[in-house]
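The sequence and the model are shown first.

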Amino acid sequence: MASSLGRLHVVLHLARRSTSASSSFQAASLPSRTMASSTYRQAKDWNADQYLKFAEERTRPARDLLAQIRAEAPQRVVDLGCGPGNSTQELVDRWPNAHITGMDSSPDMVDKARKTLPQLDFELGDLSTWTPSDGRPVDVYFSNAVFQWIPLDQRLPLISRLIEAQAPGGVFAFQVPDNYLEPSHAMMRETAADGGPWTAVLKDRQPALAKFQSVQDIYNHLSPLCASLNLWHTHYYHVLDSHEAVVEWVKGTGLRPFIDPLSNEDRQAFVSSYLAKLKGVYPVCDDGKPGMPQFDEREKTAEMAEAQDLHEKSPQAHSVAGAPECNGSQDAHQELQLQGNRGRAHGFLQYIRTRDFWLLLLLGQVIALADISSSTFSSLLSNKGTSIPAFQTLWNYVLLNIVYTSITIYKYGFKKWFKMLYTDCWKYSILSFLDVEGNYFMVLAYRYTSLLSAELFSFWTIICVVFISAVFLHKRYHITQYLGIFVACGGLGMLIASDYLRGANYPAQDQLKGDLFALLASTIYAFSNLFEEFMVSKRPMYEVIGQMGFWGMFINGVQCAIFDRSSFHGATWDGQVGGYIAGYTIVLFIFYTLAPIMLRISSATFFNISLLTMNFWGLIIGIQVFHYTVHFLYPIAFVLIVLGLFVYFVKEGSLGESTKPWLGNNQERGIDGVGTGRRAQATGHAIV
C-alpha cells in the first residue's frame with residue numbers, strides 16, 4: 001500500500017521594515033491546529049505513539065521541504081506544530097547552532113518531543129494566537145502538516161500574520177496534506193454519512209477538513225509578501241502491509257475527527273465499516289499487500305527578498321515526481337468538481353458542445369454498422385446453406401481471447417493473470433454466459449418469430465436497461481433523457497412501419513416460441529450490457545474483453561458441440577463460406593473492441609439507443625448486397641433516431657455520462673482509462 005504526499009514549499013525572505021509596521025497587523029481570532037472546521041473541536045488529545053507508527057514515512061516530506069529552504073545560518077528557528085519532534089530533529093540536523101523552538105497544541109505531542117530532544121525548547125500553545133515567548137523575531141518558520149486544521153478562510157491570514165512579525169530576510173516554509181479527494185479520505189466521509197449510529201453524532205460536528213486553497217489563491221495572497229514563489233506538488237508512495245495498516249496510518253491524523261467524538265462501541269463499528277470500504281477501493285497486489293491509496297500533502301515554499309527587490313518576484317510552479325495516473329493538484333480537482341456540479345440541471349447543451357460527444361456519436365454509428373454487418377454475413381451464410389450460429393460466433397471469442405488475453409498476460413505476467421483468473425472467474429464467466437446466451441436466443445428468435453416481431457423487442461431491451469440501472473446501479477435519468485429515448489424509439493417504430501409497408505416481413509414458424517425467445521434474449525442483453533458497463537468502469541478494458549473471449553470460447557464451444565453437430569452435415573463448405581465467416585469474425589471483433597469504450601463514456605442505455613440506427617445501415621448495405629429498395633420513411637426514421645441521441649444529452653454537463661454513480665462522487669472506485677470518468681476529470685476529455 002502506498003501513500004502519495006504532494007508538497008508546495010514557501011520560503012519567504014522578508015523585506016526590511018520597522019517593528020511598528022509589523023506590529024500594526026492585527027491577528028484574527030483563529031482556532032488551534034486541532035480545529036477541523038468551524039464547528040468541530042478536538043475531543044481528545046493527539047496520540048504521539050500512534051502518530052510515530054509511521055515516523056519515517058511522515059518525516060520524508062519534511063526533509064524534502066527543508067531541502068528547498070535557502071537559509072545558511074539562521075539564528076532563530078521555530079517548528080510550528082512540531083508534533084512528537086520528528087520534524088524538529090531534521091531542523092537540528094540542518095542548523096545545529098541555531099536556537100530552535102518547537103510548539104504544538106497537543107500536550108502528549110509536546111511531552112514526547114521534550115523527551116526525544118531535551119536540549120530544545122518546546123512550548124504548548126494555540127497557533128491562532130501564539131507568538132514567540134521571548135519576543136525575538138524568527139528567522140525561519142517551518143510547518144509540517146498543520147495549517148489544514150485551520151478553518152479555510154483563516155489559514156492564509158494566519159500565515160500572513162506570522163510573516164509580518166518575522167525578521168527581515170526571514171524564511172517561511174510549510175506543507176499541508178492534499179487528501180480531500182483521495183479514496184482513503186473520501187471513504188471517511190462516505191462512512192460518516194452512511195446512516196450508521198455515528199451519523200447523527202458527526203452530522204453537526206462536520207469532521208471533514210476543508211480542501212486547502214488553490215495554488216492561485218496562495219499566490220494571490222502571499223506574493224505581495226515575497227520576491228519569488230516556488231510551488232510544486234509531489235507524490236510519495238509508501239508501501240504498507242495491509243488495509244488495516246492504512247487504517248492505523250489515518251488513525252494518527254485524518255481519521256481522528258471522525259472517531260474521537262464517538263463511544264467505544266460506535267468507534268469500533270465505524271472503523272470496521274471504514275475498513276470494509278477501503279478493501280473495496282484498493283485491490284490487493286501480487287504479494288498480498290493492498291494497492292495504491294494516495295495520502296496527498298502539499299508543501300509550499302516561497303521566498304521573500306529585500307523590499308527593494310519585490311518588483312522582481314518571479315513565481316514558479318513545479319510538478320515533481322508526479323504520478324500521471326493519480327489525481328494531481330487540488331486546483332485541477334476543484335475545477336473538475338465544478339464541472340461535475342454544473343452537470344445535469346445546469347448543463348444545457350454543454351456536453352453536446354464538447355469534442356467527446358461528437359466522437360461518441362461517431363463511435364455509436366461505427367458500432368451499429370459493425371453489428372448490422374455481422375447480421376449481413378449471417379444472412380449470406382444462411383443463403384449459402386451454412387447456418388451454424390454457435391460455430392460462427394466461436395471464432396470471434398477465440399480471436400478476442402488470443403488478442404486481449406495476450407495483452408493482459410503481457411501487462412500482468414502469468415502469476416497475476418492466474419490470480420485474477422482464480423479470484424474473478426465467477427464474474428467473468430457469468431458475463432460471458434450472458435453474452436453467449438443473449439446471442440444464441442436472439443438467433444432462435446429470428447428463426448421462429450416474424451421479422452417485425454423480433455424488431456419490436458428492441459424496445460424491451462431499452463426498457464430493461466433503464467429499469468435495472470435505476471434499481472441496481474442507482475442511476476438517475478432526467479426528463480430530457482426519457483424524451484431522447486422516446487424520440488429514438490419513435491424512429492425505430494417508423495423503421496418497423498416502413499418494413500411492414502414495403503412487405504419486408506416474413507411469416508413466423510412458431511410465433512409464441514419465437515416471441516418468448518426474443519423476450520428472453522432482450523432481457524439477457526440488458527443484464528449483459530449493464531454488467532459489462534460495470535466491469536469496464538472498474539477494470540482495464542483488455543482484461544474484461546480478454547476474459548469475455550476466454551470464457552466465451554469455452555461456453556460457446558460446449559454449446560456448439562451439443563446443439564450444432566447436426567448442422568455441420570448439411571452445410572456448404574467452400575472458400576466463399578470461409579470468407580463470410582472471416583468477415584463475420586472481424587466485424588464482431590470490432591464490435592466487442594469498441595463497445596466497452598462506449599459503455600465507459602456513456603451508458604448501456606445510450607449504447608442501445610445508438611444501435612437503433614443499424615436497421616438503416618442494414619438497408620444501405622442491403623441495397624448493394626440484396627438489392628433492397630428504399631422506402632421514404634427510412635431516412636425520416638434515421639433522422640428521428642439521431643435526433644433522440646441529441647435530445648438524450650441536451651441537459652448533460654461537460655463530462656456527460658462518463659462519471660458513474662457506483663464509483664463514488666470523485667470516481668475513486670473506478671479505473672483511469674480511455675473513456676472513464678477519472679480520465680475525463682483528469683484531462684477534461686474522456687476519450688482522447
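The expected span of a helix is 1.5 Å times one less than its number of residues. Helices (H or I, at least four residues) and strands (E, at least two) are DSSP runs, numbered from the N terminus. The model is predicted, so local features need pLDDT of at least 70 and side-chain atom pairs pLDDT 80 or more, whereas totals for chains, interfaces and linings use all residues. Residues are numbered from 1 along each chain as its sequence is written, and side-chain values use heavy atoms, with hydrogens and water left out.

**Overall**

The chain has 27 helices and 10 strands. Of its 688 residues, 58% count as buried. Buried means under 20% relative accessible area, exposed means over 50%, and partly exposed is in between (1.4 Å probe, protein chains only). Contact means heavy atoms within 4.5 Å. Among contacts between residues at least 6 apart in sequence, 85% join residues at least 24 apart.

Helix α26 covers residues 633–648, and its 16 residues should span 22 Å at 1.5 Å a residue; the end C-alpha atoms are 22 Å apart, which agrees. Its buried residues are L633, Y634, A637, F638, I641, V642, G644, L645, V647 and Y648. An α-helix has 3.6 residues a turn, so residues three or four places apart point the same way.

T461, I462, C464, V465, V466, I468 and S469 are buried in α18.

**Helix pairs**

Axes are lines fitted to C-alpha atoms, for helices over the stretch in contact, and angles run from 0 to 180 degrees between N-to-C directions.

| Pair | Axis distance | Angle |
|---|---|---|
| α18 (residues 458–472) and α20 (residues 511–538) | within 8 Å | roughly 40° |
| α7 (residues 183–192) and α12 (residues 264–281) | 9 Å | about 135° |
| α20 and α23 (residues 575–601) | within 9 Å | roughly 80° |

Angles under 35 degrees count as roughly parallel, over 145 as roughly antiparallel, 65 to 115 as roughly perpendicular and the rest as oblique. By these cut-offs α18 and α20 are oblique to each other, α7 and α12 are oblique to each other, and α20 and α23 are roughly perpendicular. A crossing is left-handed if the near helix is turned anticlockwise from the far one by less than a right angle, and right-handed if clockwise. The crossing of α18 with α20 is right-handed, and the crossing of α7 with α12 is right-handed.

For composition, Ala, Val, Leu, Ile, Met, Phe, Trp, Tyr, Cys and Pro count as nonpolar, Asp, Glu, Lys and Arg as charged, and the others, Gly among them, as polar.

On the α18 side of its contact with α20 are W460, T461, C464, V465, I468 and S469; they meet L519, S522, T523, Y525, A526, F527 and L530. The residues of this contact divide into nine nonpolar, four polar and no charged.

Between α7 and α12, the residues P183, S184, M187, M188, E190, T191 and A192 of α7 meet F270, S273, Y274, K277, L278 and V281 of α12. Here there are eight nonpolar, three polar and two charged residues.

**Individual residues**

F527 lies in α20 and is partly exposed, at 39% relative accessibility. Not counting residues up to four places away in sequence, F527 touches L434 and I468. Its C-alpha atom is 8.7 Å from that of L431, which is 96 residues away along the chain.

P61 sits in helix α3 (residues 55–67) and is buried, with 0% relative accessibility. P61 and T234 are 173 residues apart in sequence, with their C-alpha atoms 8.9 Å apart.

Most residues other than glycine have a negative phi. A145, not a glycine, has a positive phi of about 60°. This residue is in the loop between β6 (140–144) and α6 (155–164), and A145 is buried at 12% relative accessibility. H474 also has a positive phi, near 60°, and is found in the loop between α18 and α19 (479–501). H474 is exposed, with a relative accessible area of 52%.
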